[in-house]
Amino acid sequence: MTTITPSEQVCLDAECLEMLYTKLGEDGADNVLCRAMEEMAIRIKQSEKLYAAGASRDLRKTVHSLIAIADQIGLQTLAQVSRDVVNCIDSGDWVALGATFSRLVRSSDQSLTAIWDLQDVTV
């Protein structure tokens, strides 16, 4: 029996992060990143509950808010997958939503890990 374990490659926009650090300084940028990570984790957890409950309207709202957070800190993959989830909800494609939402959860895990790892690196 073969088990498939999907994984996601995240794309970080280095220029966005560099601009964040240049504009806010190291402490300010670190604070923004920490708050963004916390908000993303909260919203992903909330999204999982909404998805399980079939609350598509609230799910759309919660996932849509992830787009702005991801864009702010240069998480291009997470922003795009969030847009894809919103598009699946808008088009009523529930089969695609299942697959795309699973990808969103994987992408968010990898994105949080990538940002966490950056905390130890000077931009």
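Predicted model: local features only at pLDDT ≥ 70, side-chain atom pairs only at ≥ 80, totals over all residues.
Helices α1 and α2 pack with their axes 8 Å apart and at an angle of about 165°. Here the axes are lines fitted to C-alpha atoms, for helices over the stretch in contact, with angles running from 0 to 180 degrees between N-to-C directions. The two helices are therefore roughly antiparallel to each other, a label for angles over 145 degrees, while under 35 counts as roughly parallel, 65 to 115 as roughly perpendicular and the rest as oblique. Their crossing is left-handed, that is, the near helix is turned anticlockwise from the far one by less than a right angle.

On the α1 side, the residues making the contact include C16, V32, A36, M40, I44, L50 and Y51, and on the α2 side they include L59, V63, L66 and I69. Contact means heavy atoms within 4.5 Å. Sorted by class, this contact of α1 with α2 has 11 nonpolar, five polar and four charged residues. In that sorting, Ala, Val, Leu, Ile, Met, Phe, Trp, Tyr, Cys and Pro go down as nonpolar, Asp, Glu, Lys and Arg as charged, and the others, Gly among them, as polar.

Residues are numbered from 1 along each chain as its sequence is written, and side-chain values use heavy atoms, with hydrogens and water left out.

Now for the charged pairs. Side chains of opposite charge can pair when their charged atoms come close. Searching the whole structure turns up four salt bridges, each being a side-chain nitrogen of Lys or Arg within 4 Å of a carboxyl oxygen of Asp or Glu. Among them are these:

| Salt bridge | N to O distance |
|---|---|
| E48 and K45 | 3.9 Å |
| R60 and D90 | 2.6 Å |
| R83 and D71 | 2.8 Å |

E48 and K45 sit three residues apart in helix α1 (residues 14-53), about one turn of the helix. Helices (H or I, at least four residues) are DSSP runs, numbered from the N terminus. E48 is partly exposed at 28% relative accessible area, and K45 is partly exposed too, at 49%. Partly exposed is the range between buried (under 20%) and exposed (over 50%), using a 1.4 Å probe and protein chains only.

R60 is partly exposed at 30%, and D90 is partly exposed at 48%.

R83 lies in α3 and D71 in α2, so this pair ties together parts that are 12 residues apart in sequence. R83 is partly exposed, with 30% relative accessible area, and D71 is partly exposed with 38%. D71 also turns up among the α2 residues in the contact with α1.

Two other residues of α3 are worth a look. D84 is found in this helix and is partly exposed at 24% relative accessibility. Leaving aside residues up to four places away in sequence, D84 touches T100 and R103. Its C-alpha atom is separated by 8.5 Å from that of L97, 13 residues apart along the chain.

T77 also has its place in α3, but T77 is buried, with a relative accessible area of 13%. With the residues up to four places away in sequence not counted, T77 touches Q9, V10, C11, R103 and S107.
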